[in-house]
Amino acid sequence: SWVKAVGNKPERSEIELRAPQDCILVASDQYFPGWRAVVDGREERIYRADLALRAVPITVGEHRVKFLYQPWSFRIGLWLSLSGVFMLAISFLTRLLKSEPPGRP
């Protein structure tokens, strides 16, 4: 069995591992709402370990685990920002199409 950190950023960490039996991967990072775990492309539930750490069940074999920090507040803010940009673009295009070409009386 082995565990290898592939990437580590504040909002994302990635781990490759080989488990000789079904087990639980415990990340030494703090459990906090907004974290998601993706094991081999499928989202998995994150459990609390030792009250403060993140834990994910792992089956026997080789796996790639991604932890992604995507809190709802970020998703809502992103959605609102993109909606605002879209509305501004529609408003700009509507005014541009309604305006008369220069040189007409």
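**Notes on a predicted chain**

User: Where is R54 found?
Analyst: R54 belongs to strand 7, which covers residues 53-58. Strands are DSSP runs of E with at least two residues, helices are runs of H or I with at least four residues, and both are numbered from the N terminus.

User: What kind of model is this?
Analyst: The model is predicted: local features need pLDDT of at least 70, side-chain atom pairs count only at pLDDT 80 or more, and totals for chains, interfaces and linings use all residues. Residues are numbered from 1 along each chain as its sequence is written, and side-chain values use heavy atoms, with hydrogens and water left out.

User: Back to R54: buried or exposed?
Analyst: R54 counts as buried because its relative accessible area is 0%. Buried means under 20% relative accessible area, exposed means over 50%, and partly exposed lies in between, with a 1.4 Å probe and protein chains only.

User: What does R54 touch?
Analyst: Residues up to four places away in sequence are not counted; beyond them, R54 touches S13, L25, V26, A27, D29, Q30, Y31, W35, I46, Y47 and F67. Contact means heavy atoms within 4.5 Å.

User: Which backbone oxygen lies 3.3 Å from a polar atom of the R54 side chain?
Analyst: That oxygen belongs to Q30. A polar contact is a pair of N or O atoms within 3.5 Å; within protein, one must be able to donate a hydrogen and the other to accept it, and residues adjacent in sequence count only if both atoms are side-chain atoms.

User: Which residue joins its side chain to H63 in a polar contact?
Analyst: D40 does, at 2.5 Å. H63 sits in strand 8, residues 61-69.

User: Why is H63 classed as buried?
Analyst: H63 is classed as buried because its relative accessible area is 11%. Leaving aside neighbours within four places in sequence, H63 is in contact with I15, E16, L17, V39, D40 and I58.

User: Changing topic: how many helices and strands does the chain have?
Analyst: The chain has 1 helix and 8 strands. Along the sequence, the pattern reads β-β-β-β-β-β-β-β-α.

User: What is the radius of gyration of the chain?
Analyst: The chain has 23 Å, whereas a compact globule of 105 residues would have a value near 13 Å. The radius is taken over C-alpha atoms, and the globule rule is 2.2 Å times the number of residues to the power 0.38. Along the principal axes, the C-alpha atoms fill a box of roughly 80 × 25 × 20 Å.

User: How much of the chain is buried?
Analyst: Of the 105 residues, 23% count as buried.

User: What share of contacts joins residues at least 24 apart?
Analyst: The share is 60%, among contacts between residues at least 6 apart in sequence.
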